[in-house]
Amino acid sequence: MRKWIVIATGLATLALVNWTISQREHQIATGKEVRLELAPVDPRSLMQGDYMALRFQVANEVQRGTSRKEEDREARDGHVVVKPEANGIARYVRQHAGETLAPDEILLRYRIREHQVKFATNAWFFQEGHAKLYEGARYGEFRVSPSGEMLLVAMLGKDREKLGPPTSPKG
C-alpha cells in the first residue's frame with residue numbers, strides 16, 4: 001500500500017510540474033510583451049557570479065505610492081497599470097483599483113517583500129562566462145498574462161536590442 005502512495009504522489013508531483021511548465025510556455029508564446037526600464041542597483045552587486053541583480057524603474061513609482069499607504073496600514077501586494085510609449089518602453093500610469101483598462105494599458109502584478117516592490121523577479125540568471133554580454137542591459141522584456149503575471153524573457157540594451165549569446169537558426 002505504501003508503495004502505491006509513493007508512486008501516486010510522485011505521479012501527481014510530475015503532473016503538477018509539467019502543468020506549470022506548460023502554463024509558462026503558453027504565457028511566453030502568447031503573453032503581451034512589456035518592456036520595463038531597469039533602475040540602478042548598488043553597483044557592487046550588479047554582477048555576482050552568474051546572475052545580475054535587477055530593479056525596475058516602475059517599481060520606484062509604485063514604491064512612492066505604497067510608502068504613503070504604509071502610514072495608514074500595512075502595504076500589500078497589488079496591481080499597477082502601465083502604458084507603452086512610442087519607443088516600446090512601458091511607463092507607470094497608476095495603481096489599479098479594479099477599473100477597466102484602456103486598450104493600450106497593461107496590468108502588472110507586484111509583490112511587497114521586505115518593504116520593496118518586486119516585479120516577477122529580482123535577478124537575471126545566465127550561463128557562466130556570459131556576464132560581459134549583459135553588462136549593457138537597460139531594459140527587461142516580459143511576457144504578461146491577462147491577470148498581470150509576468151515572466152522575464154530577455155534583457156535589452158540601450159537601443160532595445162536583445163542581449164545574450166547569438167542564437168542558432170532553427171532548421
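This tour moves through the structure selection by selection and states what is found at each stop.

The model is predicted, so local features are reported only at pLDDT of at least 70 and side-chain atom pairs only at pLDDT 80 or more, whereas totals for chains, interfaces and linings use all residues. Residues are numbered from 1 along each chain as its sequence is written, and side-chain values use heavy atoms, with hydrogens and water left out.

**The whole chain**

Select the protein chain and colour it by secondary structure: there are 2 helices and 10 strands. Helices (H or I, at least four residues) and strands (E, at least two) are DSSP runs numbered from the N terminus. Along the sequence the pattern reads α-β-β-β-α-β-β-β-β-β-β-β. Of the 171 residues, 33% are buried; buried means under 20% relative accessible area, exposed over 50%, and partly exposed in between, with a 1.4 Å probe and protein chains only.

**The three-stranded sheet**

Select β1, β9 and β10, which form an open antiparallel sheet in the order β1-β9-β10. Because β1 (32-37) and β10 (150-156) each have a single partner strand, one side of each is left without a neighbour in the sheet. The twist from one strand to the next averages 30°; axes are lines fitted to C-alpha atoms, for helices over the stretch in contact, and angles run from 0 to 180 degrees between N-to-C directions.

Next, keep β1 and strand β9 (residues 139-144), which pair in the antiparallel sense over 6 bridges. Two strands count as paired if DSSP finds at least two bridges between them. Within this pair, E37 has Y139 of β9 as its bridge partner.

Now select R24, in helix α1 (residues 2-30). R24 is partly exposed, at a relative accessible area of 41%.

Strand β4 (residues 78-84) and strand β6 (residues 106-113) pair over 5 bridges in the antiparallel sense. Here V80 stands opposite L108 in β6.

On strand β5 (residues 90-95), select Q95. Q95 counts as buried, at 17% relative accessibility. Its side chain makes a polar contact of 3.2 Å with that of Y110. A polar contact is a pair of N or O atoms within 3.5 Å; within protein, one must be able to donate a hydrogen and the other to accept it, and residues adjacent in sequence count only if both atoms are side-chain atoms.

**Two positive phi angles**

Select A120 in the loop between β7 and β8 (123-125). Phi of A120 is near 60°, a positive value in a residue other than glycine, and A120 is partly exposed at 42%. Then move to R160, in the segment after β10. R160 also has a positive phi, near 65°, and is partly exposed at 29%.

**The largest pocket**

Finally, select W124, Y134, V153, A154, K162, L163, G164, P165, P166 and T167, which line the largest pocket. By class, this lining has 7 nonpolar, 2 polar and 1 charged residues.

Terms used
On a 1 Å grid over the protein atoms alone, a cavity is a set of points where a 1.4 Å probe fits but cannot get out, and a pocket is an open set with protein on both sides within 12 Å along at least five of seven lines; lining residues have an atom within 4 Å of a point. Ala, Val, Leu, Ile, Met, Phe, Trp, Tyr, Cys and Pro count as nonpolar, Asp, Glu, Lys and Arg as charged, and the others, Gly among them, as polar.
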